[in-house]
Amino acid sequence: MKKLAKPKVAFFDFTDCEGCQLQFANMGQTLLEIAGLVDIVNFREIMSEDGQDYDIAFIEGAISKDADVVRIKKIREKAKVIISLGACAATGGVNGMKNRSPLEVAKERVYGDKAHTINTIKAMPVHEVVKVDYFINGCPVYIPEVLAVIKCVVMGKPYVVPNYPVCAECKMNENVCRYEKDEECMGPVTRAGCNSWCVNNGNRCYGCRGLVDNPAADSQKDILSKYGLKLEDILNHFTLYNDSMGEKYDQEFK
Amino acid sequence: MTKSSSKIDSKNVKIDVHYLTRVEGHGNIVVDVKEGKLTKCEFQVIESPRFFESMLVGRYIWEAQHITSRICGICACGHSLASIKAGEDALGIKPSEETIMLRKLLLYTEQLDSHILHIYILVAPDLLGVKSIMPLVKTHRPVIDMAIRMKRMGDYAGEVLAGRHIHPISYVIGGLTQLPASENLEKLYKMMLDCRKDGEETVKIIKKLKFPEFQRPTQYMSLTSEEEYAFYDGDLTVNNGKKTKVSDYKKLFTETVLDYSRAKIAKINGKPYAVGALSRFNNNYDKLHKKAKAVAAELDLKAPCHNPYLNTAAQLVEWVHCLEESIVIMEKILKNGLDEKKIVVSSWPKRSEIDKIKYKPNTGVGCVEVPRGSLFHEYTIDDTAHITAANCVIPTNQNMGNLEEDMRKLVPELLGKKTQEAITLDLEMLARAYDPCISCATHLLDVKFI
């Protein structure tokens, strides 16, 4: 990948909560410093400028309707670099839970007798539709990692999302294991990179950063079963953020 | 993308603001005036449907907070708290007073964060005639630095209290998973004290800006309470009239899905109503902190105020109120400390017990005032504490009908007096004044993407 001189940057959002863009806005002074290195031409949440000429596109949100597919393909044609920003873009995020019920059932639950007027398709991460060059996982994104990725992008180097589990970071942080506390946790199968953010704050890992490439799902299933979870609970844990793996687990676990 | 012309035409105006900017989420404004007659006046919501109510079905009640905070990046704490309250109502759990105090603090600091974001980053560029905060970085650097400092304080509060502001971690059903670190609380307290003078400076700035003149009395709904300016608890009140219990919210307003494919719309007595800072200000004025009352007087904001553009001014008044109330709570915490036994709980029941307990099938409702207005979560659980039905009523949905009514009154008033371009800007500013958070509004329909 070529190094980009003062690249033009655009932000686009799809199906999401816009929290990852807000993480950018929350960088405050750091954002202003970044703004000195790059040229932000399109950031609808905070700007009315509507630049259509850009090198780097940050994509927030999952693809979940027909129009999204058309739009992301257009963005791919223009952008030299596409970055999936946050869980929704990178893994489908919580949107994937929609896929756990037939779409007709989901529509009926929310829109009742007007369900037929809704256009929605299976929620997908961006790379299921177009090629993605960089991934920033997490719900929300973790700012130190965002900065690391931006550095890689402007230097034209690849960035690899950690492929070891959250447990590695959690141990370094000297947290007591949630399993020791008679609770379950997705840490053993979830990609690190967040510095075990949730466990540091007394909660469990919910798997928002996506699963490691070899999650040893069987052993995780064994661990979870050992602690008395039903199959349905295990699947719920695995698919809270990782529906793209849902069908696989449905097969493996049944 | 704004399609508009710069000549004055009193008979024909066609406005199509596609992808309104500087709001949270995707919305279009479509207005069509033919031969002097307003034929179309819509605020179209084009955000993708999210289906949170469907996703919640089959999930444990203890997961609801984690999932529903993902409805919105700005009001993640508010969604968490509404969700927690609904979960506690369904399970019959009563949190300690200390826990409630910490929840109020989180809710106040979220208003601080969100109101500053709205005032400086989303609204001020309009009033200063620029398209975004970016040019202001060059022309108004000290003000921008101040805005960033104020924003940082609100955001840092979320970090200290809940692990992070966007999708809080430690606030759960029953209490907190761990106490905030005392050294961080001290740092936060100092930042709050420092922000007082930034608030005073902001009042001076806002006072100089000119908001459009427009009046339309409507139904203003918010929580109210005998004890305080209500954010966390209270009864639902419309224009200081009869009070309705939160659990009876469905008796007060109705939500319908409209045929022309857009958000669900809510009505009270068959008419649209407004929620948010201006509604709270109108209903709770007497309970404002005296410093906030002084700011209202300085901004010439009197209750009841019927100019929706002044929602932004009401936000600044609330900012002062929430800062002062937060400082009171912080002083109490720093003086007395926090009692772990009364606050800290596990985020879920123990795994070895969870399946042995028979829960009472029940429905719980939770309501809090988030920056944009009253937010409701309602969950029904079965005897295994799994959610069987869920409903979330979002402030932006409640405001949508009211915004359109405002547009219907405003457009004819401006016809023949302003250019199409100027009318478009006034409409954009009006929509922005409501601080719409469209990604929040989960009941959304799809509009053709142009």
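Reply:

**Aromatic rings and their partners**

Counting over all chains gives 16 aromatic pairs in this predicted model. Let's begin with two tryptophans. B:Trp62 and B:Trp348 hold their ring centres 6.2 Å apart, and their planes meet at 35°, so this pair is tilted: an angle under 30 degrees would have made it stacked, and one over 60 edge-to-face. Now look at where the two residues sit along the chain. B:Trp62 belongs to the loop between α1 (52–56) and α2 (64–68) of chain B, while B:Trp348 belongs to the loop between α12 (340–343) and α13 (351–354) of chain B, so their pairing ties together parts that are 286 residues apart in sequence. Both B:Trp62 and B:Trp348 are buried.

Next comes B:Tyr108 with B:Phe231. Here the ring centres are 5.8 Å apart and the planes are at 75°, so the pair is edge-to-face. B:Tyr108 is part of helix α4 (residues 97–127) of chain B, and B:Phe231 is in the loop between β7 (219–224) and β8 (235–238) of chain B, so this contact ties together parts 123 residues apart in sequence. B:Tyr108 and B:Phe231 are buried too.

Back to the tryptophans: ring pairs join B:Trp62 and B:Trp348 with B:Tyr60 and B:Tyr359 in a cluster.

Rings can also have charged neighbours. B:Lys85 places its charged end over the ring of B:Tyr232, 4.3 Å from the ring's centre.

Key. Residues numbered from 1 in each chain as written. Chains lettered and ligands numbered in written order. Predicted model: local features only at pLDDT ≥ 70, side-chain atom pairs only at ≥ 80, totals over all residues. Heavy atoms only, no water. Phe/Tyr/Trp six-rings, centres within 6.5 Å; stacked < 30°, edge-to-face > 60°. Helix = DSSP H or I, 4+ residues; strand = E, 2+ residues; numbered from the N terminus. Buried < 20%, exposed > 50% of the residue type's maximum accessible area, 1.4 Å probe, protein only. Lys NZ or Arg CZ within 6 Å of the ring centre and 35° of its normal.
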